[in-house]
Amino acid sequence: MIATVLNRSAETMGGVPRWGPRAVPAVLGGVMALAVVGLFVRIMAYPLRHDEQMYVPVGALLGQGDLYRDFGFNNLPNLPLLMALVFNVSGTDHYLLTGRLVIFGAWLLAATAMALIAWRAAGSVAAAILAALLLMTNPLLLGPAGMLATNNFLPMPFAILGTCLFIAGLDRERPSPWMVGGAGLCLGVALGFKANYVFLVPPFALAAFLAPGRMTLPQRLRYAVLPLLIGGLIGCAPVLFYFLRDPDGFLAHVMRYHRGPHIAYWEANPSLDGPKVMTLAGKVKLAANVWLGGGGIVVVLAAIYGLWANRRPERGAAVPTGRPLWPILLVAALAVGGALISFVPTPAFPQYYILPIPFVIALVALSYGRLPRLRRTRHAPWLMGIAVLVILAGMPRLLVRLPRIVTPESWTGYSTHAAGKVVAAAVARNGTAGPIATLAPLYPLEGGLQLYPELAAGPLVYRVGDLIPEADRKHYRMISPTRLPDLFASQPPAAILTGLEGELDDPFVAYARSHGYRPLAEPVLRDRYGTAQLYLRPMP
């Protein structure tokens, strides 16, 4: 029975439907709709994490200070710029909820771009939906990497869409410079979210100069190289702006921070929040776990098989598709480049290893689409069976929180906003004015309270402040555990919120107790990191 279904489905994928030509796409479309709803609820209900305390508030406060000098942001600028744009246009005061909605929109874009790659390669709606579902059910992407309002997932849809536009723009009788320019724009935007996406540059640069082979050098410059370069420069405009304005300060935050004080902090605290992976051997082990687990090994083997099948000489009645080999080589290079650069950051976290995932899925689709029709029909049952099994293994993660769709008050964005309002109400009753001192700035931000710019990114700079080299301190509004009393002496906090950042909160507690701040009898909020205690400044 299963073999019959797979064979008939394969005939539909191969373009030779025998029964209910729309049956398979209709079923897959229903699964896709369920997956989209499940994905939305999972993002909305996913627990708040430390990283969002570091990224979301900076976007909300961007108009009140400089991204790097005042807030100490240590990544490329596109995330806070995007968040600031969305927050200002929408006028929202539900910052985390809105940030999570942005991530959901990024997922829709990524799934659509992946479906377009597969549809163009295989000429099949079923193949397009399967490719999108393989992305949407990947276990690593359904963890913190793809659920949180951070810069981990946001570059991915632009990288996938850039790949789609580049291939579509050049793999045609008359190349489209507009599509190639759009590809460059998307790639530049992806790079502006996260520096690790620099791995995109070499494969696309080589492809622009070398593929397709039928173009002359003037044609290649006109239709490929220059449009890609111009689009990329436009996409990188925010990065170029901040770099050209203050090159040394930009490099201090974006590069030297990660190679110096960031590593030094984790070397001094290797077991904080669990053991940290600091060595190459540990990184290799972590990569094997995240790439090969949860059905990942099956997708990797399918991609390898697709490459091998396309290298075999054509025999018998197989009819070549006429599709070029260079898109497959491009995507394979992107998968390898993404895998290699995943080992660069130290310490290693699972979210750093998501870079090659979409390109491995795209490689399967492109390899399948290039097979001759006879061979494609013969191998389709196995490929579709593999895809279905991997999707079924990942679907429970999408569906486990589905019942919470009817209780939006339990979504993390709403519960965080409600907790912020509780903090704001307690401060208002106390009648004191001034900023709130905390390493969990998202809560007072959601309550409409004032923050210290130095602490707007949570513990991002605070925890490494004493480790920043003297030469780089001129680029920061310096803050650290030893400098906290100086900050508070110049502007005493109206209240101090502690209890969510472990030992990092100790100097806040010490200051509150030594200066007569009154702790509330009851905790104001609880999250996965602990129970928050609010200290209120004594009245004059």
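Q: What makes the pair Asp171 and Arg120 a salt bridge?
A: A salt bridge needs a side-chain nitrogen of Lys or Arg within 4 Å of a carboxyl oxygen of Asp or Glu. The side chains of Asp171 and Arg120 meet at 3.2 Å, N to O, so the pair passes the cut-off.

Q: What kind of model do these values come from?
A: The model is predicted: local features need pLDDT of at least 70, side-chain atom pairs count only at pLDDT 80 or more, and totals for chains, interfaces and linings use all residues. Residues are numbered from 1 along each chain as its sequence is written, and side-chain values use heavy atoms, with hydrogens and water left out.

Q: Why is Asp171 called buried?
A: Buried means under 20% relative accessible area, exposed over 50%, and partly exposed in between (1.4 Å probe, protein chains only). Asp171 has 19%, so Asp171 counts as buried.

Q: How many salt bridges does the rule give?
A: The count comes to 9.

Q: Why does the pair Arg477 and Asp70 count as a salt bridge?
A: The N to O distance is 3.6 Å. Arg477 lies in the loop between helix 22 (459–462) and helix 23 (484–490), and Asp70 in the loop between helix 3 (50–60) and helix 4 (78–90), so the pair ties together parts 407 residues apart in sequence. Helices here are DSSP runs (H or I, at least four residues), and strands are E runs of at least two, numbered from the N terminus. Asp70, Glu454 and Arg477 are linked in a network of salt bridges.

Q: Are Arg477 and Asp70 buried or partly exposed?
A: Arg477 has 35% relative accessibility and counts as partly exposed. Asp70 has 18% and is buried.

Q: What makes Arg256 and Asp248 a salt bridge?
A: Their closest N and O atoms are 3.0 Å apart, so the pair meets the rule. Arg256 is partly exposed at 29%. Asp248 is partly exposed at 34%.

Q: How do you know that Asp505 has no salt bridge?
A: The nearest side chain of opposite charge, Arg513, is 11 Å away. Lys and Arg count as positive, Asp and Glu as negative; His and the chain ends are not counted. Asp505 is buried. Asp505 lies in the loop between strand 2 (495–498) and helix 24 (506–514).

Q: Which backbone nitrogen does the side chain of Asp505 reach at 2.9 Å?
A: That of Gly499. The backbone nitrogen of Glu501 lies 3.0 Å from a polar atom of the Asp505 side chain.

How values were computed: A polar contact is a pair of N or O atoms within 3.5 Å; within protein, one must be able to donate a hydrogen and the other to accept it, and residues adjacent in sequence count only if both atoms are side-chain atoms.
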